[in-house]
Amino acid sequence: MTIELVKPSLEYLPTYVQALERGWSPDNVSPAATIRAQLDAIDRDAAAFVASLDDPEAKGGPITLPDGKQVPRLPGYRRWMWDGELAGSIGFRWQQGTSALPPHVLGHIGYAVVPWRRQRGYATQALALLLPQARALGLDYVEITAKPDNLPSQKVITANGGVLVERFFEDAAYGGEESLRFRIAL
């Protein structure tokens, strides 16, 4: 089965909410907190929540890191994986004028497939669909990180041309765990 990447909208929001209510999170750093925060934001103002997921000009306010430090927002956006209902989420962020990222950003792209849609190749398809958009912005490469034991994510990255460039320990704000950084040349 194939997916498409859709821009978040109120039309698709009900299945996104259902996925959050079932315990899925688009964030692997602090999933429970993200679920609560997103459901609260949707309850307060669903249209504003949806709009916040598409910020290619970095107009939103600063980002608060897990350790409480605030940093400027990078341009970025989220797209939802769609196969007739929400199948997951993929996010993309970048710095204007350079392929490099600030030290507090682990990678350009992050993705999460809902558990009931995994092992269908959706993350691989989503990444393949997103890469031309990164290329269109003039980036020479994108970087994506994965934990050493997350073999499915590593397969997604390498299936899209990713090459392991380093093993490193994440900043303490992200848990200080060992991670792998992959680079995909554009």
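Q: Is Gln-119 buried or exposed in this predicted model?
A: The model is predicted, so local features need pLDDT of at least 70 and side-chain atom pairs pLDDT 80 or more, while totals for chains, interfaces and linings use all residues. Residues are numbered from 1 along each chain as its sequence is written, and side-chain values use heavy atoms, without hydrogens and water. Buried means under 20% relative accessible area, exposed over 50%, and partly exposed in between (1.4 Å probe, protein chains only). With a relative accessible area of 85%, Gln-119 is exposed.

Q: What is the phi of Gln-119?
A: Most residues other than glycine have a negative phi. Gln-119 isn't a glycine, yet its phi is positive, at about 65°.

Q: How does Ala-58 count by relative accessibility?
A: Ala-58 is another non-glycine residue with a positive phi, near 55°. Its relative accessibility is 24%, so Ala-58 counts as partly exposed.

Q: Which residue's side chain joins that of Ser-153 in a polar contact?
A: Ser-153 is buried, with a relative accessible area of 9%. A polar contact is a pair of N or O atoms within 3.5 Å; within protein, one must be able to donate a hydrogen and the other to accept it, and residues adjacent in sequence count only if both atoms are side-chain atoms. At 2.7 Å, the side-chain partner of Ser-153 is Tyr-111.

Q: At what angle do the axes of helix 4 and helix 5 cross?
A: Axes here are lines fitted to C-alpha atoms over the stretch in contact (heavy atoms within 4.5 Å), with angles running from 0 to 180 degrees between N-to-C directions. The axes of helix 4 (residues 122-136) and helix 5 come within 9 Å, and they cross at roughly 35°.

Definitions and conventions. Helix = DSSP H or I, 4+ residues; strand = E, 2+ residues; numbered from the N terminus.
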